[in-house]
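Let's take a friendly walk through one protein model. Have the sequence and the 3D view ready as you read.

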Amino acid sequence: MSKILSTSMTLKIWGTSAPILITRVSATLLLHKKVLLGTDSHTCTAGAFGQFATGIGNTDAGFVLGTGKILLKVPPTLRFVMDGEMPDYLLAKDLILQIIGEISVAGATYKAMEFVGTTVESLTMEERMTLCNMVVEAGGKNGVIPADKMTYDYLEGRTSVPYEPVYSDEGARYLKEYRFDVSKLEPLVAKPHSPDNRALARECKDVKIDRVYIGSCTGGKTEDFMAAAKVFLASGKKVKVPTFLVPATQKVWMDVYSLPVPGSGGKTCSQIFEEAGCDTPASPSCGACLGGPKDTYARMNEAQVCVSTTNRNFPGRMGHKEGQIYLASPYTAAASALTGYVTDPREFLQ
C-alpha cells in the first residue's frame, strides 16, 4: 500500500509560480493545511477534493520519513475551463482524453492542471477523480478542482478530520488557459501506444478487438461499473469478447454486488454483468493495469487488442509488449464489448 504523507504549506499553491521549500512533514494529519504525497503516480486523484496531491518515488518517501522534509517547486498552472451541458453519452474519461490529446503527454510537465467551469461543477466526485487521476498522463505535477458544495456533501460522514479549502487568488496568473464547449464533444479513445493519440470512437469502428477491461483507479469506481451496466442493460445483448471487471476497492466490489442499477428493476451490476456474459467481477486490485506476473488476472499474455478503462496504453503496459490498448470510458468499453469492435456508445445509449 502506498505511504500517505502530509505536510504544512506556507503559501497558497494555485495561481502562483513562486518556489517553495516545504518542510515539517507530519504523518499525524493534524496540521491545518496539507499537501498529500503518495508513492503512486496517481496520487494526484485527490486533487478532486481541492487538495495539492502528487506522487513521489520510494526513495523520496524514505527521505521524507527519515528527515521530515521534502523540496518541491510550486508549479505554474494551466487552467482548463469546461462549460456546456454534458451529453448523456460522455463521461469524465472523454474529457481528460480530449485535454491530453490537445496538449500532449508532455504538455503539462511539472505544471498544475486546474479544472473549472459549469461542466466541472456538475460532475460527481467520482467523475472529478477521473479527471484529476490522469493529469500525470499529461506530465502534470498535480490536478485540482476547487472544493464546492459537491465536495463538502461527499465528505460528510466520510471524515472527521477538520479541513479548510484553499482557492486560487483573485487575479491569479495562469501560464495558459484552455476552453472547451463540452456539449460539442463526442466519445473518444486514445489509440495505441500513447494517451495523447486521441481519436473519435466512431472513427475506429473497424478496429476488431479481442477483449475489454473495466477497472483500475481511473475506471474501476462504483460509477464506472454503473455506467457499463447501463450500456449492457440498454442493449439487452451479450458481450462478444471476454470482458474483465476489476473493482478498484473493497467498497466498490461490495457496491457492484449490492447497489441496484437505476432503471433495472432492482438488478445489481453483478447481475447485469452475468446476464451479459462478462467474467465474474474479480477481487479488488490494480489487476492487469500495470501488467505484472503472467498469472495476474486478465493480463494480456498474447499480442491482443484491448479496449480498457485504464490510464496508460504504452507498449507492454498490460502485459504483452505487442498488445494494443485503446483507452476509453466505461460507456465506450461496454459498447465495444457488445460488438467486438471499438464502438461509439451512442449506438446503445440513444
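Below we look at a sheet, a pair of strands and a lysine in a loop.

This is a predicted model, in which local features need pLDDT of at least 70, side-chain atom pairs count only at pLDDT 80 or more, and totals for chains, interfaces and linings use all residues. Residues are numbered from 1 along each chain as its sequence is written, and side-chain values use heavy atoms, leaving out hydrogens and water.

Start with the open sheet of 6 strands, ordered β12-β11-β16-β15-β13-β14 with mixed pairing. Strands are DSSP runs of E with at least two residues, and helices are runs of H or I with at least four, numbered from the N terminus. Two strands pair if DSSP finds at least two bridges between them. β12 (198-200) and β14 stand at the edges with a single partner strand each, so one side of each has no neighbour in the sheet.

Is K238 buried or exposed? K238 counts as exposed because its relative accessibility is 54%. K238 is found in the loop between α7 (222-235) and β14 (243-246). Its C-alpha is 5.6 Å from that of G277, although the two are 39 residues apart in sequence. The side chain of K238 also reaches the backbone oxygen of E275 at 2.8 Å.

Terms used: Buried < 20%, exposed > 50% of the residue type's maximum accessible area, 1.4 Å probe, protein only. Polar contact = N/O pair within 3.5 Å; in protein donor to acceptor, adjacent residues only side chain to side chain.
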